[in-house]
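Please find below a short note for your review. The points are numbered so that each can be checked separately.

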Amino acid sequence: LSNDLKSYLGYQGGELHFGLHPRPLRDFTQGYSRPTYIYDIDIIRTRFQKMKKALNGVGIYYAMKANSNLELLKVLKSEGSKIDVVSGGEIDRALQAGFTPDDIVFSGVGKTVRDLSRAMELSIYQINVESIPELLRIIELAGAKNSKVAIALRLNPNISIDTHPYIATGLHENKFGIELSVLPEIQKILQTHNDRIELRALSLHLGSQMLEFSGLREALRILKPVYKDLQIKFPSLQRFDFGGGLGINYETTDLFKEQQDLDSYAKVIFEELSDLKAELQTEPGRWIVAHAGVLLTQVQYVKETPYRTFLVLDSGMNHLIRPALYQAEHQILPLNICGSGRKAYDVVGPICESADFFAKNRELNEAQQNDFLVLADTGAYGFSMASVYNLQDLPEEILFSSGSR
Ligand SMILES: *Cc1c(COP(=O)(O)O)cnc(C)c1O
C-alpha cells in the first residue's frame, strides 16, 4: 500500500501522520522538551533505493552536509551508500558511522592543510580539487609525505540552472570549481608532478534544488570532450562525477511526479554519458533526506497587533535557516485539523533578528498557545545548518522506523 503514497506526510481522520508507513505525529509530543527533528529511517531507505535503481550502475556518494546525523549515516551505509564530505569534521563523522576511507570523496573550496593531511593519511577515495593553489598545496603535502594522491578536478562549466542564486554553483561568478580556461595550466602542473598526483576523475556540481535538466545536459555536453581529451593525456582518468542537486517539491509533495523527475534526470545522464569510458558517480543530498524529516515545534505566544497576528514559536532561524537564507517556504501543519477556522499569520521564531521567520501572511488553521506545529520536508539542510545563536539549545533529533511496530 505504501507504494501508492502521494506524500509521506498527511492527514488521516484529522490527525497528521508521517512516515513511509504513516504514524500519528501526536505520538512524538509526549515528553516534548524542545523543538525536535523527527526522521523516518524507512523513508531514507526507500529514497536511497529509488535513486540507486534509477541510476543503475552509478556510484552514489551521499552528500553528508544535507544531514550528518550519525544514526542516519549508519542507515545509508547499510543501504550501500558511499559518502561525500566537505570538511575534516565530516571525515571523522563518516568514519564513526562505519564508512571506510575508500567510501569517501572530499569536496569543498577551502580545504585546510590539516584536513588535506588527514584525507591523505587515510588514503580516501578521491579529493575533488577546486583551484590551482589547492592543487599546489596537495602536491607539496604529498612531497613531504613522499606519497601519491588520487584527485578529481571539479570543473566549472559556466552553466546556470533555475534555482536560488545562493545555491547555484556552476557559474563564472561562483567560487566553485576550476574554469575551463585554466585547464592548460592545470595539465602542465599534473604532468610535472605525476609522481605525486594521479588524475582519477572529473567532477561537476551545478547547484542544488534542480528540477529542470536542460542546464545539466548542456554542462555534460561541454565536459564530455574535455574528459575524452584528458583521458588520452592521463590514462589514469577513469571516473566522471556528475554531482548532486536533484530537487524536491516543497509546496505540495507529489511522489509520483518526483519519480518522473528522477527518471528524466537519469535519462539525461545516461543519454549524455553512456558512451563515455568512465565509471559514473553522483553526490545527492537533498533528494534522499529532505522528505524524511519534519521539525516539531510549539507555539509559545499568539501575538495580536493592529497590523499582524504573529505565531511566536520555540524554533526559528537558529534551527531551520532555509526561509531566512533562501526565502524557502516549508509547509506548516498543525497536528490536528478538526473544527478550526483559518487565519493569516506571520510565523516567527524567538531569535533577535527580523529575518527570523518561517512564513509571512500565511493562511493556517487557527492556532492557540502551546499547540504543536510541524514544518514539513526539513530532513535536508535543517539540523545540519542549525546554530546556537542567542545561545538557544540545538533541536533534538529522533529517528524512528515507521515500518516496525
Ligand atoms: C551540496 C553538494 C551536493 C549535494 O547537493 P544536493 O542539492 O543536496 O543534492 C553535492 N555535491 C557537492 C559538491 C555539494 O557541495
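1. How many residues does helix 8 have, and what distance does helix 8 reach from its first C-alpha to its last? Helix 8 (residues 255-273) has 19 residues and reaches 27 Å, close to the 27 Å expected at 1.5 Å a residue. The expected span is 1.5 Å times one less than the number of residues. Helices (H or I, at least four residues) and strands (E, at least two) are DSSP runs, numbered from the N terminus.

2. On provenance: this is a predicted model, in which local features need pLDDT of at least 70 and side-chain atom pairs count only at pLDDT 80 or more, while totals for chains, interfaces and linings use all residues. Residues are numbered from 1 along each chain as its sequence is written, and side-chain values use heavy atoms, with hydrogens and water left out.

3. The buried residues of helix 8 are Leu255, Glu258, Asp261, Leu262, Tyr265, Ala266, Val268, Ile269, Glu272 and Leu273. Seen down the axis of helix 8, these residues fall within an arc of 155°, so they line one face of the helix. The arc is taken from the directions from the helix axis to the C-beta atoms. Gln260 and Lys267, on the other side, are exposed. Here buried means under 20% relative accessible area, exposed over 50%, and partly exposed in between (1.4 Å probe, protein chains only).

4. What do the buried residues of helix 8 pack against? Their partners are helix 1 (41-54), helix 7 (214-233), strand 12 (239-241), strand 13 (279-282) and helix 9 (286-289). Contact means heavy atoms within 4.5 Å.

5. At the start of helix 8, a side-chain oxygen of Asp254 comes to within 3.0 Å of the backbone nitrogen of Phe256. A polar contact is a pair of N or O atoms within 3.5 Å; within protein, one must be able to donate a hydrogen and the other to accept it, and residues adjacent in sequence count only if both atoms are side-chain atoms.

6. The structure holds 21 salt bridges, each a side-chain nitrogen of Lys or Arg within 4 Å of a carboxyl oxygen of Asp or Glu. One of them joins Arg221 to Glu272, with the closest N and O atoms 3.0 Å apart. This pair links helix 7, which holds Arg221, to helix 8, which holds Glu272, 51 residues apart. Glu272 is buried, at 5% relative accessible area. Arg217, Arg221, Lys267, Glu271 and Glu272 are linked in a network of salt bridges.

7. Are the two residues of the salt bridge between Lys111 and Glu134 buried or exposed? Both Lys111 and Glu134 are buried, and their closest N and O atoms are 2.6 Å apart. Arg118 and Asp92 form another salt bridge, at 2.8 Å between the closest N and O atoms. Arg118 is partly exposed, at 31% relative accessible area, and Asp92 is also partly exposed, at 36%.

8. Of the 13 residues around the ligand, Lys65, Ser208, Glu283, Arg286 and Tyr381 come nearest; a residue is near if one of its heavy atoms lies within 4 Å. A polar side-chain atom of Ser208 lies 2.3 Å from an oxygen atom of the ligand. An oxygen atom of the ligand is 2.8 Å from a polar backbone atom of Arg286, and an oxygen atom of the ligand is 2.6 Å from a side-chain N or O atom of Tyr381.
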